Amino acid sequence: NTFERFTGADRAGILATAAAGIWRAIHSGAAEADPSLLNSFVVLTFADLKIWSFYYWFAFPALKLPAPVRVAYVDANAVSLINSAARDGEGYAASAAKACEAWLTGGGACAWLISSSSSGGGGGA
C-alpha cells in the first residue's frame, strides 16, 4: 500500500490477466449469455490520504489476434445481396444486416468482415 508499489505494479501482467478473462468468456460461451463480460476495464489506484493525492491508471483490455486474419470463404450471394440493396437506396448497414440474417438462417458461420472500397462503389463480404 505504498506509492512505490503502485508505480512498480506489473501493468502488462494485470492487463494480460484481464484480456485472458475476456478470452475465457468467449471460449466458454459465457459472453453469449452475458455480453457485458466483453466490456471490461481495469483500474489501479493509490490514495495518499496524508496529503490528499490520488493516483490512478485505467486500462481497457482488447484482444489482439496472433496472426493476420485470412479470408476463409467469400459468399457471392451475400455480396450480391448487399450490393443490390445498397443500389436500391437501402444503405450498406441495413443491407449487410439483412445479408447476415440470411446467411445465419442458411446455416452459415457467425463471423463476418465487411469492407467498402474508398470510391464508394460497393461492398464486399
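Analyst: Here are some questions and answers on the rings in this predicted model.

User: How many aromatic pairs does a search of the whole structure find?

Analyst: The search finds nine aromatic pairs.

User: Why is the pair of F41 and F60 called tilted?

Analyst: Look at the angle of the planes. For F41 and F60 it is 45°. Stacked needs under 30 degrees, and edge-to-face needs over 60.

User: Where in the chain are F41 and F60?

Analyst: F41 is in the loop between α3 and β1. F60 is in the loop between β2 and α4. The two residues are 19 residues apart, and their pair links distant parts of the chain.

User: How do you know whether F41 and F60 are buried or exposed?

Analyst: Exposed means over 50% relative accessible area. F41 has 53%, so F41 is exposed. F60 has 60%, so F60 is exposed too.

User: Which residues form a nonpolar patch on the surface?

Analyst: F41, V43, Y56, F58 and F60 form that patch. Together they have about 600 Å² of accessible area.

User: Which residues do ring pairs link into a cluster?

Analyst: The cluster holds F3, F6, F46 and Y55.

User: What lies over the face of F6?

Analyst: R11 does, at 5.4 Å from the ring centre.

Note on methods:
Residues are numbered from 1 along each chain as its sequence is written. This is a predicted model: local features need pLDDT of at least 70, side-chain atom pairs count only at pLDDT 80 or more; totals for chains, interfaces and linings use all residues. Side-chain values use heavy atoms; hydrogens and water are left out. Rings of Phe, Tyr and Trp (its six-membered ring) pair if their centres lie within 6.5 Å; planes under 30 degrees apart count as stacked, over 60 as edge-to-face and the rest as tilted. Helices (H or I, at least four residues) and strands (E, at least two) are DSSP runs, numbered from the N terminus. Buried means under 20% relative accessible area, exposed over 50%, partly exposed in between (1.4 Å probe, protein chains only). A charge sits over a ring if NZ of Lys or CZ of Arg is within 6 Å of the ring centre and within 35 degrees of the ring normal. Patches are made of residues with over 30% relative accessible area and no salt bridge: like charges are joined within 9 Å, nonpolar side chains (Val, Leu, Ile, Met, Phe, Trp, Tyr) within 5 Å. Accessible areas come from the Shrake-Rupley method with a 1.4 Å probe; for residues, only the protein chains shown count as cover. A salt bridge is a side-chain nitrogen of Lys or Arg within 4 Å of a carboxyl oxygen of Asp or Glu.
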